[in-house]
Amino acid sequence: MAENKMFCFQCQETAKGTGCTIQGVCGKKADTSRWQDLLLAVTRGIGTIADSLRNSGIETSQEVGDYIVDSLFVTITNANFDDQAILAKVDKGVQLKRELLELAASKNITLPDYPEVKWGGEKADYEAEGNREGVLRTENEDLRSLKELTILGLKGMAAYYEHASRLNERKDEIIAFIEKALATISNPNANMETLLATVMETGKYGVDAMALLDKANTTTYGNPELTKVNIGVGNRPGILISGHDLKDIEQLLEQTEGTGIDVYTHGEMLPAHYYPQLKKYKHLVGNYGNAWWKQKEEFETFNGPIVFTTNCIVPPSPKASYKDRVFTTNATGFPGWKHITADANGHKDFSEVIEIAKTCKAPTAIEQGEIIGGFAHAQVFALADKVVDAVKSGAIRKFVVMSGCDGRMKSRDYYCDFASRLPKDTVILTSGCAKFKYNKLNLGDINGIPRVLDAGQCNDSYSWAVVAMKLKEIFGANDINDLPIEFNIAWYEQKAVIVLLALLYLGIKNIHIGPTLPAFVSPNVLNVLVENFGLGGITTVDEDLKSMVG
Ligand code: SF4
Ligand code: SF3
């Protein structure tokens, strides 16, 4: 361990399935990883102090909550590779922490004596703190596992909260919980019981954060509706927008209207097409490409500028032709790429992106045809009679929730095989970028109901929980686990962690996660999850088909 240049095990592709220690498989450099550790240490300190202030009845400013949320988001897999941007956030956090310490002192509030609270943030200490404050600061692997399960869940929650807040939906209870959870995991004496309870509570607030974002998205842009999305290209230059932030695509659509530029979605932005208030723009012409990990090739052939609104960024190779036409916003960043910030009113100026687009060729076609989506809860309820009839008549025997993430590992071919070999009387419920493994397979329909129902982004997994609750009511089932629904979830990064914790909190049992189990779940913690929730991994397609659908 002494020779580790870094330590990160937060995603599914972590080196050797145990942890990246020299450089990230994702391309994250050791320094960047340590600065992210430092940012998290400062954020834990701020969270702990804010929690103590709250416990004494003192409110902190919205700035504190926003800072915590943004810092958590910045450290998500593939979000930010820019050391300077991360260190600037550390500096801002150190300043904020000093202000909170002064506030606590002025009110005579005694603060917990944790390392995170004590460290003053002197520049000379950065290197030392970045090394000391990483994941391995907790020696006991089970305590470490529960702390990491919490913080990784909080990262996913923070991402969803940030999107909601940009649409003016906030909920102080969620921020209060994040602060409390940060205080709990900063406590060097926190025991298994307390930490396990915090993990479960993270799931509870994960549900709240997804519900908040669902409300923000649907009240702003309408309920997603059944939509066919073109996967070919037009003959005008285009801008490709990636990530999860709907406010960004809305602003881009407004600013590109009438300019002769088309807008295409990439990866997790595909579901933007399903919202009435976004699909109304005629120059939102299609989705280009697949999930995040294919971006290097797809950005080359897209020919026009690319805007990242969130993860997942893949560091470009030095020869990449698109390097000078990529922009980041929000929590994302990459050294050398232009970053677009919002003004005080949340407005972003995309004029530079548009000017570049005008000088570019139209995208090169890489596929043709259409995909179909938009089956979030409201659209599914609109089809409820049809769905219920199909279940009652036996036309639909089972639903399989295959939400989550896609990734570059060969082992993920499992999901493509599994989907294509599912019996014809089963329906796949999906959300997140996992769908790109099977949404172009033309799996057909059952009495007009497509066999792949795409609710939207990873956060729209919430829709499947809402649908499951509704089916429980319609069928008069005592337990949600008695419904003909199986969960075979593909995970990659921390948004999938909060989705999983949310499903566990809702009482959903026997969830399969893959392609491998998380490195941050220790054997003992895994036992607890297996015993209480029947959580399991995947095996072979043959065996899993047999055990899940018979
Ligand atoms: Fe490794 Fe994943 Fe961490 Fe990147 S995010 S450094 S691949 S564990
Ligand atoms: Fe995908 Fe990164 Fe997880 Fe939102 S964009 S699901 S991997």
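**Close-up 1. Domain 1 and domain 2 in this predicted model have C-alpha centres 29 Å apart.** The chain splits into domain 1 (15-219), domain 2 (227-359) and domain 3 (378-549), with bounds taken from an automatic or database domain assignment. Domain 1 puts 17 residues into its contact with domain 2, which answers with 18 residues; contact here means heavy atoms within 4.5 Å. A word on conventions: residues are numbered from 1 along each chain as its sequence is written, while chains are lettered from A and ligands numbered from 1 in the order in which they are written. Because the model is predicted, local features need pLDDT of at least 70 and side-chain atom pairs count only at pLDDT 80 or more, totals for chains, interfaces and linings use all residues, and side-chain values use heavy atoms, with hydrogens and water left out.

**Close-up 2. Ligand 2 sits between domain 2 and domain 3.** Both domain 2 (227-359) and domain 3 (378-549) supply residues to the shell around ligand 2, so that is where the ligand lies. Around it are His244, Glu268, Trp292, Asn311, Cys312, Cys405, Cys433, Cys458, Tyr492 and Glu493, each with a heavy atom within 4 Å. That makes six nonpolar, two polar and two charged residues; Ala, Val, Leu, Ile, Met, Phe, Trp, Tyr, Cys and Pro count as nonpolar, Asp, Glu, Lys and Arg as charged, and the others, Gly among them, as polar. Look too at the peptide bond from Asn311 to Cys312: it is cis, with omega near 20 degrees. Cys312 belongs to the loop between β5 (306-308) and β6 (326-329); strands are DSSP runs of E, at least two residues, and helices are runs of H or I, at least four residues, numbered from the N terminus.

**Close-up 3. Ligand 1 has its own shell of residues.** In it are Met6, Cys8, Phe9, Gln10, Cys11, Thr14, Cys20, Gly24, Val25, Cys26, Lys28 and Thr77. Sorted by type, the shell has seven nonpolar, four polar and one charged residue.

**Close-up 4. Helices α2 (residues 62-74) and α7 (residues 172-186) cross at roughly 65 degrees, their axes coming within 10 Å.** Axes are lines fitted to C-alpha atoms over the stretch in contact, and angles run from 0 to 180 degrees between N-to-C directions. From α2, Val64, Gly65, Ile68, Val69 and Leu72 meet Ile175, Ile178, Glu179 and Leu182 of α7.

**Close-up 5. A Gly-Pro cis peptide bond joins Gly514 and Pro515.** Omega is about 5 degrees. Pro515 is in the loop between β15 (512-514) and α18 (523-533).

**Close-up 6. Lys16 has a positive phi, near 55 degrees, despite not being a glycine.** You'll find Lys16 in the segment before α1 (30-55).
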